[in-house]
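Me: Let's go through this model and check what stands behind each label we put on it.

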Amino acid sequence: MTDRVEAYIDANQNRFVEELMQFMRIPSVSAQEKHDGDTRACAQWIADHLKGLGFEAGLIDIGGKPIVRAVRKGNSAKRVLIYGHYDVQPEDPLDQWKTPPFEPTIRDGILYGRGSTDDKGQVFTHVKAVEALLKTEGELPCGVVFLLEGEEESGGDALARYVSQAKDELKPDAVVISDSTMYDANTPAITYGLRGIIALEFTVRGPAMDVHSGAYGGGIANPVLVLAQMLAKCVSPKGKVLIPHFYDEVVPLQPWERQSFRKLKFDDAALAKELNVPRLHGESGYRTLERLWARPTFEINGIFGGYQGQRSKTIIPACTARAATERWSGSGPGRPSRSTASSAATRASDPRRSSPPSPRPRSRAAWWRTRTRPAPATWYSIISAPSAPTRSASKPTSSGPARRCCSTWTAR
Ligand SMILES: [Zn+2]
C-alpha cells in the first residue's frame, strides 16, 4: 500500500502545490472585519475541495467565523478527527515580505506566503494524505472528520462552543492536530502535548488625574513603577516563576523524554544568533528545548502607561499603568484553577500600591496533553473566564483578544 500511495503523491506533487497556492491566495485574516468575506470564501474553498474528495462537507455557522466540517466513512467504525484552521494572521509589517504575502512564491524549493506553515500547509498535508489513500485504495481505513476553524488566530470561541454542543455526535477515537511543526526539514515529529494559556490583564490605579512629577514625585506611588515592581516579583532572576502553586499540577518531564529531547542536539548558540540576543535565558535546571516545550512560563506581552508622545512630559500618570495580556502557559494537566489566578494577584500585590491590582482574566485555554491514549472528544476546552476579584478597577481595553497558545511539545 505504501508504495502505491507514495507513487501517487510523487506523480501529483506539482498539482498538490498548485492547489495549496490557491488556498493560500485567499486572504482569510480572521482578526480584520474587512476580510470577513475572504474568510468565508476560504472556508467554502476548502469545504468544496473536501466535497470533491467524496466528503460530506459544509460550513457550520454558530456565530463567529464559519467552521468547516467534513465527514467520510471508512472501512472500520473507528474515527479520526483532524483539527486545523484556515484563518491566518494579518500580513503586516508588509515591508518585511520579500514577495507579497498572498501571492505564494517558491524560492529555493521553499514556498513562501501567509499561511504556508500556519496552518494551511499542514491542513493541506492531511487533505492530500486522505486523497492519496482514497485514490489508491478506494476507501479510507477508518472514518475521518475534518474540523477546520476560522478563528484560531483571533481568539474566537466558535469551535469551543461547537465542540461542546456536538461532542456526542463527533465522538472521535483519536484527534490529530494539524497545527504543529516538524523539528526541521529532515526530522519528522509527533506533537503530543501543548501548553495552555491564561491571559490576564492587571491595572494599577494611581492619582485621580495626571499630576506633575516635579510637584508630587516622592509623595505618592507611581503606578507604572508599582506595576513594574509587582511584575518583577513574579519571576526570579533564574527564571523560576514565584507565584504560589504555579507548578503544582505541571506534569514532570520523564527521563525518557529528557533523553529524547537531548538527542535532537539543539544548538543554543545558533538560536541566540538568529534572535540577536547575547545568550538564551530561562528556568534554571532545564535545557532550552525542555523550557520551550514542556515547562510553563510567565510572560508579559505588553506593558504601557503614562506619557507616550514625543520627548518627555513630567507626569505621574493617573490610572493607565497596565500590563496588557499577562500570558501564562501550561499550568497543569487540567484547568489552571481560579485560586491560581487569584494567587498571581496576591503575589503581585505591593503594599505601597495606591489601589489593589486588578487581574482581569482575558481568556484561558487548558493545557492539553495525552501520553498513552488518544485524546477524548472533549480534547478542546476553552474555559470561560472566572469573575475578576472584587474591587476591580480595570476597564476593557482596546487591545485584541488573547490568542490561544500555539507552542508545541515535540519529540521524535
Ligand atoms: Zn496555528
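Me: What makes β3 and β7 a parallel pair, and how many bridges join them?

Reply: Strand β3 (residues 76–85) is joined to β7 by 4 bridges, and the two run parallel. Two strands pair if DSSP finds at least two bridges between them, so 4 bridges are enough. Within this pair, Y83 stands opposite I177 in β7. Strands here are DSSP runs (E, at least two residues), as helices are (H or I, at least four), numbered from the N terminus.

Me: What should I know about the model and its numbering?

Reply: It's a predicted model: local features need pLDDT of at least 70, side-chain atom pairs count only at pLDDT 80 or more, and totals for chains, interfaces and linings use all residues. Residues are numbered from 1 along each chain as its sequence is written.

Me: Why are β1 and β7 called edge strands?

Reply: The open sheet has 5 strands in the order β1-β2-β6-β3-β7, with mixed pairing. β1 and β7 (174–177) each have a single partner strand, so one side of each lacks a neighbour in the sheet. On average, neighbouring strands of this sheet are turned by 20° against each other, direction ignored.

Me: How do you know that β1 pairs with β2?

Reply: Strand β1 (residues 56–60) and strand β2 (residues 67–72) run antiparallel and share 5 bridges. A57 has A70 of β2 as its bridge partner. The two strands form a hairpin with 6 residues between them, and G63 in the turn has a positive phi of about 90°.

Me: Why is α1 called oblique to α3?

Reply: The axes of α1 (residues 2–25) and α3 (residues 120–137) come within 9 Å and cross at roughly 140°. That angle makes α1 oblique to α3: under 35 degrees is roughly parallel, over 145 roughly antiparallel, 65 to 115 roughly perpendicular, and the rest oblique. Axes are lines fitted to C-alpha atoms, for helices over the stretch in contact, with angles from 0 to 180 degrees between N-to-C directions.

Me: Which residues make the contact between α1 and α3?

Reply: Among them are Y8, F16 and L20 of α1, and F124, K128 and L133 of α3. A contact needs C-beta atoms, placed from the backbone, within 7 Å.

Me: How many residues does the protein chain have, and what share counts as buried?

Reply: The chain has 412 residues, and 33% count as buried, meaning 20 or more other C-beta atoms lie within 10 Å of a residue's own.

Methods. Two residues are in contact if their C-beta atoms, placed from the backbone, lie within 7 Å. A residue is buried if 20 or more other C-beta atoms lie within 10 Å of its own, exposed if 12 or fewer, and partly exposed in between; C-beta atoms are placed from the backbone.
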